[in-house]
Amino acid sequence: MTIAFDLIFRQGRSPPSCPAPNDTDLLNRIRDKVHNESPAMCRDALIRIQRLSHDVYDICNAFREGEYGSGDEALEAAIAVLRKKCPGLSDEQYRKAFAVGMMWTAF
Amino acid sequence: MALPFLTLYRNKWTVGIVLLAILAMIVLLSVLGIPPSGTYPVTVCSTDYSIPVTGPLFPGPAEKITALKDPVFTGQLFAEAIATEPLLATPGTQVHMGFWSGRGNHGSMLRVLDAINEGPEASAVPPNRAIWDEGTSAYYNYPSYTRILDEHWYERASGINGTVIIFGKLYTDPHPVTVAEADKIWGEYSARYTDMAELIAQATGKPVRVWCFVQGARANRIFYQYELPQLQQMEQKGFAQVFFAKTVDADWTNPEDWINGTANAPAPAS
């Protein structure tokens with residue numbers, strides 16, 4: 001999961017519509033790094049992180065439109081929604097995903 | 001007078017020493033980063049973009065915004081662009097610039113970028129080249145773009161009580177950042193990217209062709225706030241021809257797929 005997260009949110013930094021790298025390429029990159037994990041587990045991790053990338057896009061859009069209020073409380077509320085929608089990640093990963101989502105939605 | 005065999009050895013030693021000296025000079029010049037005399041004469045501002053970045057950077061937002069608002073930054077970006085793609089400053093090259101805003105449009109713009117740079121028009125005479133705000137292709141980023149990423153503006157804007165975690169390490173931010181400041185930084189960066197159309201058009205002798213995928217984009221985002229006003233200026237001055245995709249599948253070679261001119265730009269989504 002962490003490897004899938006890093007590929008999409010740290011190294012790619014590309015919104016969900018980005019054609020490169022594609023799913024096959026991403027999956028191969030994940031499997032290259034975790035030889036002992038099953039292909040199904042790698043695929044599940046990729047799907048979950050891709051879902052996170054879609055969800056964070058919507059949440060950041062809503063944040064920008066003021067749907068969570070304003071100030072630090074709004075930011076924490078948005079991250080809490082993300083945490084609820086996509087459980088199982090670390091607090092740092094939620095914050096990183098939110099920051100990247102803010103960059104995607106800035107444009 | 002030296003014996004003949006000594007003269008032979010002395011000449012070999014002399015040649016060897018001269019060759020070693022030349023080799024040492026080449027190594028020294030490359031280490032110091034002194035450019036060859038034929039380097040294209042482009043104004044490069046004195047900021048340290050050539051210094052390798054080794055970790056997160058924490059410049060102040062006000063200082064960064066000031067630097068990005070300066071037209072000198074456009075010259076810097078242009079210098080970085082032609083360092084990886086000299087054809088962008090070669091007379092005759094048809095240069096294309098890509099813009100996107102809103103969900104789903106990033107991928108469409110990259111598709112057009114790749115179609116131009118990797119299709120038959122790339123090797124036509126004169127050649128075509130396409131760039132975007134991140135770099136001279138989908139693969140080569142401008143050093144300034146990499147640097148702005150390394151400054152982690154949105155991570156810093158979503159920090160807690162002046163602290164931020166970057167790559168698993170907790171930092172105290174000496175210059176805490178707001179979301180509005182992070183938006184302004186990326187906005188000014190994008191505006192200066194847009195202004196590159198002028199330098200490119202002057203260098204190539206041809207207006208830049210601008211391809212925008214902005215269907216469904218919102219008015220309060222970077223495209224409508226920062227890029228479109230600059231595109232309007234570039235168009236008025238004759239440095240750019242601006243096209244807006246009618247659909248996400250728009251083909252840059254098919255005029256029917258595009259709306260022509262900033263006067264006909266699609267209205268932002270409400």
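Start in chain B: select strand S5 (residues 208-213) and strand S6 (residues 240-245), which pair in the parallel sense over five bridges. Strands here are DSSP E runs of at least two residues, helices are H or I runs of at least four, and both are numbered from the N terminus. Pairing takes at least two DSSP bridges between two strands.

This is a predicted model: local features need pLDDT of at least 70, side-chain atom pairs count only at pLDDT 80 or more, and totals for chains, interfaces and linings use all residues. Residues are numbered from 1 along each chain as its sequence is written, with chains lettered from A and ligands numbered from 1 in the order written.

Pick Cys212(B) next. Its bridge partner in S6(B) is Phe244(B).

Now show the whole sheet. Five strands of chain B form an open, mixed sheet in the order S2-S1-S5-S6-S7. Strand S2 (128-131) and strand S7 (258-260) of chain B each have a single partner strand, so one side of each has no neighbour in the sheet.

Move to the core. The largest nonpolar core has 88 residues. Such a core is a set of buried Ala, Val, Leu, Ile, Met, Phe, Trp, Tyr and Cys residues joined through C-beta atoms within 7 Å. Buried means 20 or more other C-beta atoms within 10 Å of the residue's own, exposed 12 or fewer, and partly exposed in between, with C-beta atoms placed from the backbone. Phe98(A), Met109(B), Val210(B) and Cys212(B) have the most contacts inside this core. Its largest share, eleven residues, comes from H7(B).

Finish at helix H2 (residues 61-69) of chain B. Its buried residues are Pro61(B), Lys64(B) and Leu68(B). On the other side of H2(B), select Ala62(B), Glu63(B) and Thr66(B), which are exposed.
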